[in-house]
Amino acid sequence: MTLLNIKEIGIDFGGIRALDQVTLSVEKGEVFSIIGPNGAGKTTLFNVISGVYRPHRGSILLDGTEITGVTPWRLARAGLSRSFQNLQIFGRMSVLDNVMVGRHRHENRNMLAHLFTLPSVLAQNRISRELAQHYLSYVGLDIDARRSAAGLSYGELKRMEIARALATEPRILLLDEPAAGCNPTETDALCAVIRKIADDGITVVLIEHDMKLVVQISDRIHVLNQGRTLAQGKGAEVMSRPEVMTAYLGEHGTREMLRA
Amino acid sequence: MNALSRLEPRFRILLGLAILMAALPLVIDNAFYLRIAALVYIFALATLGLNLLMGFAGLVSLGHAGFVGIGAYTMAVGPTHLGWSSWTALVAGPALAGALAWLVGRPILKLRGHYFAVATLGLGLLISMVLNNETAWTGGPDGMTVPRLSAFGWTLRGATPWYWTSAGVLLIGAWVATNLIGSPTGRALRAIHDSDTGAGVLGVNVAQYKLAVFVLSAVFAAIAGAMLALFHGHITPESAGFMRSVEFATMAVLGGLGSILGSVVGTAILVILPQALVVFHEYEHVLLGLLMMVFMIFLRAGIVPSIMTRLGRSEL
C-alpha cells in the first residue's frame, strides 16, 4: 500500500530547476533510498516533502491526503518526521530534553496547567522522560542523558536526532544522511537501527552516500540527477546501470569502470 | 537535607530566593532600604517576564516598558476617569496588556528575523507618546495620582507592607516561570530558541508558542507596572519610556538570559548601583557604564549563569 505519493514535483531557485518532474511512491513499511551525486536535489526533495519548502509544481499525498505546502509542525502531528543533514540540535538543552521535545505532539499542551504545574503535568513529564530514555536506548545511545547535547560527538548527535524524531511516533521517517561522518563500526550499528525501525512498521525514506549501507538496507532505490529522476529499482542492480554510473563518475570514469 | 536534595535544582533556587527575601529585613531594618528592595522586586517581575521572552524563546522586545505603562496607567485612569475600583483596574491592566501583545504579536511572529524587535520598539514609542500627549486622560508629562489599594478598611502603604507584598508577588511570578520552564511548553520554547526548524519538524507550533510567551511577558510587565503605580502613588510617562525598555533588556542580559535568579540579580544591580554611585556625582554614569562593561566582559553569559557554570552547576 502506498504511504507517500509524490507526483511531478518541481521547484525552482532563481531560474535553476532544483527539482523537475520528480515522481515516486513509497510503500508502507519499506526502506526507500534516494541517492544521487552532490547537487542532485535530494535534500531539496526532503525539504519539500517535510514542508520546509513549498513546491512550485506537483503534489504530495500522505496516506491519500494532500499535504503539499503543509507546515512542518502540522506534518509532524500527522506522523511525518525527519532528521537533518546539517543537524538541528537544541544545543543548550540536555540530551534527554532534546528527545523529550519529540514527545510534544503527544503531550497535553494546556499552558495554564503548565504555569501552575498541576499534578497531571508532573505525571506527563515522567512518562515523556521514560519514553525519551527508551528511544535513546532504542538507537543505541547509552550515555548519561542529563549531559548537554552540545557535548556529544557528531555520530552521537546523528543518533540523538533519530531518537528525537522517533519519539514523535511517526508513520514515516525521513533520514538525511544519517551515516555521514560515522566510522565503519558506527555505520554498521546505524544499519541495524534503521532495519529495526522498518521492522517495527515505520516507513523509512533515506538519503545516503554510503553505497554499501544503501544496498544492504534498501528495499528500493531512487536515483536523482540534476533535479530529475534518473533511475529506480532494487539493490545493486540500479547502481550498475550505465546512466547511473555516468552520473556519478562521468563518461570517462564509466568507461574505466566497465573495463576494470 | 534529603528532601532538599530531592528537590529539582530550579526549585532549590526558588527556595533560596524565598529565604533571602525573608531574611533581608533582619539585616536592613530601615524604611529607605526596604523601599529600595521593594522597588527591586517590582522591577524584577517585569525583567523576569522579559527574560522568558528573550532567554527562552530568543525574542528581543525593545518596548517592554510600554506594557509596564499600560499596567501602571490603568491603575490611575480606571479609578479616576472610569469610576472603576482599584481591584478592577488591577485585573484590567494586565488583561489589556496581554490583549495588545496578542494583537500586535500575531502578524509579526509569523515572520523570522528582526521584525519583532523593531515592531516592539515602535509599539513602546507609541504607548509612551499617547501617555505624553493625551493630557485630558493621563495628565501628560506631569503624570497623575494613583489611588491606593485598600481592602476591608486596610490600605496598602508604608515600607514594610510593601516589602512583603512585592516579595510575595515576585515569588509567585518566579514560581510560575519555574513551572513553565519545566513543562512541555518550556521545553518547546527552549527548543525554538536553539532551532525553530528542529522544533517545527517535531510538531511544535513555533509561531503560536512565540505569541504565547510574548503575551505572558506582557502580562508580567503590566502587573509590575500596576504595582509600581500603587507603590509610588503617582505615575509619569517616563516609566513607559524607551530608556526604561532598554533598562529592562539590560537587566535581563546582565543577570543572565534564561535565568530566573539572574532576572532578580540583574534588576537589583541596575536599581541599587545608581543609588550607590551617587556619591561620585557627575561620574556616576561613567562608572555605571564601566562596571557593566566589566561584567559583560568577564561574565559573558550574564552574572548568574556564569557563576553557576564556574561552580559546575546548572540552574535548569
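1. Two strands pair if DSSP finds at least two bridges between them. Helices (H or I, at least four residues) and strands (E, at least two) are DSSP runs, numbered from the N terminus. In that sense, A:Ile34 has A:Ile207 as its bridge partner in strand 8 of chain A.

2. This is a predicted model, in which local features need pLDDT of at least 70 and side-chain atom pairs count only at pLDDT 80 or more, while totals for chains, interfaces and linings use all residues. Residues are numbered from 1 along each chain as its sequence is written, and chains are lettered from A and ligands numbered from 1 in the order in which they are written.

3. On confidence: pLDDT is the predictor's confidence in each residue, from 0 to 100. The average for chain A is 91, and 100% of the residues score at least 70. Within chain A the lowest confidence is in helix 10 (residues 242-259), with a mean of 79, and the highest is in helix 3 (residues 95-101), at 96. Where pLDDT is low, the predicted coordinates should not be read in detail.

4. On domains: chain A is assigned domain 1 (2-79 + 170-259) and domain 2 (92-167), with bounds that come from an automatic or database domain assignment. Taken over C-alpha atoms, the centres of the two domains of chain A are 28 Å apart. Contact here means that the C-beta atoms of two residues, placed from the backbone, lie within 7 Å. By that test, 11 residues of domain 1 of chain A are in contact with eight residues of domain 2 of chain A. On the domain 1 side, helix 2 (72-77), strand 7 (172-176) and helix 7 (184-199) of chain A each give two or more residues. Helix 7 of chain A gives the most, three residues. This side divides into eight nonpolar, one polar and two charged residues. Ala, Val, Leu, Ile, Met, Phe, Trp, Tyr, Cys and Pro count as nonpolar, Asp, Glu, Lys and Arg as charged, and the others, Gly among them, as polar.

5. On the open sheet of four strands in chain A: the strand order is 2-1-4-5 and the pairing is antiparallel. Strand 2 (16-27) and strand 5 (65-66) of chain A are the edge strands, each pairing on one side only. Strand 1 (residues 2-13) and strand 2 of chain A run antiparallel and are joined by eight bridges. One residue pair here is A:Ile9 with its bridge partner A:Val22 in strand 2 of chain A.

6. On the open sheet of six strands in chain A: the order is 6-7-8-3-9-10, with mixed pairing. Its edge strands are strand 6 (80-82) and strand 10 (228-233) of chain A. From one strand to the next, the twist averages 20°. Strand 3 (residues 31-35) and strand 8 (residues 203-207) of chain A pair in the parallel sense over four bridges. Strand 9 and strand 10 of chain A, by contrast, pair in the antiparallel sense over five bridges. These two strands form a hairpin with two residues between them, and A:Gln226 in the turn has a positive phi of about 50°. A:Asn225 stands opposite A:Arg228 in strand 10 of chain A.

7. Helix 1 of chain A touches both sheets. It lies across strand 1, strand 2 and strand 4 (57-62) of chain A, at about 65° to strand 2. It also packs on the other sheet, touching strand 3, strand 6, strand 7, strand 8 and strand 9 (220-225) of chain A, and its direction makes about 150° with that of strand 7. Axes are lines fitted to C-alpha atoms, for helices over the stretch in contact, and angles run from 0 to 180 degrees between N-to-C directions.

8. Is helix 1 of chain A enclosed or open, and how many of its residues are buried? Seven of the eight residues of helix 1 (residues 42-49) of chain A are buried, so the helix is largely enclosed by the rest of the structure. A residue is buried if 20 or more other C-beta atoms lie within 10 Å of its own, exposed if 12 or fewer, and partly exposed in between, with C-beta atoms placed from the backbone. The buried residues include A:Lys42, A:Phe46 and A:Asn47. A:Gly51, which follows helix 1 of chain A, has a positive phi near 85°.

9. A:Asp176 is in strand 7 of chain A. A:Asp176 counts as buried because it has 23 C-beta neighbours inside 10 Å. Leaving aside neighbours within four places in sequence, the contacts of A:Asp176 include A:Thr43 and A:Phe46, as well as A:Arg82 and A:Ile207. A:Asn86 is 90 residues from A:Asp176 in sequence, and their C-alpha atoms are 8.7 Å apart in space.

10. On the two chains: 23 residues of chain B are in contact with 31 residues of chain A. On the chain B side, two or more residues come from each of helix 8 (159-181), helix 9 (184-194), helix 10 (196-200) and helix 11 (206-232) of chain B. Helix 9 of chain B has the largest share, seven residues. By class, this side of chain B has 11 nonpolar, nine polar and three charged residues.
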